[in-house]
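Hi there,

Here is the structure I promised to pass on.

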Amino acid sequence: MPRARKATRASRRSPARRSSATRHAHARENGHGTNALSLLVEQHHETRRLFRELAEAEGEERRELFLRLADELAAHTTLEERLLYPTIAQIEGMAAVARDALEEHLIVKRLLADMLEKDLEDEVFDAKCRVLEVEVTRHFEEEESGLLPRLAHALGRERLRELGGEMEQEFEELMRHEPRSRVPRETDSAPLIT
Ligand SMILES: [Fe+2]
Ligand SMILES: [Fe+2]
């Protein structure tokens with residue numbers, strides 16, 4: 001079915017090239033600034049979409065998608081470690097949740113670091129990619145159902161918007177410098193919350 005496949009690829013291509021600035025514009029709320037919650041959930045959606053596309057892609061397109069996924073995940077985890085989890089840890093009863101999330105990020109980074117060293121045609125790469133998707137999906141679900149609603153409740157709308165603005169700037173800055181390149185140096189242990 002070459003025709004159908006071609007159409008699917010064409011429809012995949014344009015959103016894959018949306019800039020993070022464009023995506024984050026969707027996370028803004030009618031000119032009231034970026035909400036930290038919608039920004040992070042939008043990044044989760046983008047990562048899930050990249051996993052779906054990667055599963056179907058081949059050749060150079062597959063390589064481009066994987067590198068994009070690695071950059072998105074690297075920037076997202078660093079962003080959360082710098083700006084989200086320290087805030088979460090200060091909410092009463094949430095310090096252990098923040099520590100758990102950091103350990104889950106460490107699992108993600110170790111898998112990513114392994115994958116960055118592998119040939120994409122290696123079947124071990126596929127196995128690691130499937131495990132990474134399961135881990136990342138579960139981690140996102142936990143954040144979206146537990147940690148992020150608690151953050152919203154604790155911070156309130158105004159502070160949530162301020163934090164969203166800080167996060168947006170941090171993410172854009174991280175994405176300018178191939179954030180995947182820092183992942184192999186961050187696989188020894190999870191960062192401490194300061
Ligand atoms: Fe996270
Ligand atoms: Fe997240």
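Predicted model: local features only at pLDDT ≥ 70, side-chain atom pairs only at ≥ 80, totals over all residues.

Residues are numbered from 1 along each chain as its sequence is written, and chains are lettered from A and ligands numbered from 1 in the order in which they are written.

Let me begin with helix α4, residues 59-89 (helices are DSSP runs of H or I, at least four residues, numbered from the N terminus). Its 31 residues reach 43 Å from first C-alpha to last, close to the 45 Å expected at 1.5 Å a residue (that is, 1.5 Å times one less than the number of residues). At E81, α4 bends by about 45 degrees, the angle between axes fitted to the seven residues ending there and the seven starting there.

Helix α3 (residues 36-56) has an axis that comes within 10 Å of that of α4, and the two cross at roughly 155 degrees (axes are lines fitted to C-alpha atoms over the stretch in contact, with angles from 0 to 180 degrees between N-to-C directions). The pair is therefore roughly antiparallel, the word for angles over 145 degrees. The crossing is left-handed, meaning the near helix is turned anticlockwise from the far one by less than a right angle. Residues in contact (C-beta atoms, placed from the backbone, within 7 Å) include L50, F51 and L54 of α3 and L65, F66 and L69 of α4.

On to helix α6, residues 123-175. The axes of α4 and α6 come within 10 Å and cross at roughly 140 degrees, which makes α4 oblique to α6. This crossing is right-handed, the clockwise case. Among the contact residues are L79 and L83 of α4 and L163 and M167 of α6. By class, there are 11 nonpolar, two polar and four charged residues (Ala, Val, Leu, Ile, Met, Phe, Trp, Tyr, Cys and Pro count as nonpolar, Asp, Glu, Lys and Arg as charged, the others, Gly among them, as polar).

Finally, helix α5 (residues 95-117) crosses α6 at roughly 160 degrees, their axes coming within 10 Å. That makes α5 roughly antiparallel to α6, and the crossing is left-handed.

Best wishes

How values were computed. Parallel < 35°, antiparallel > 145°, perpendicular 65-115°, else oblique. Contact = placed C-beta atoms within 7 Å.
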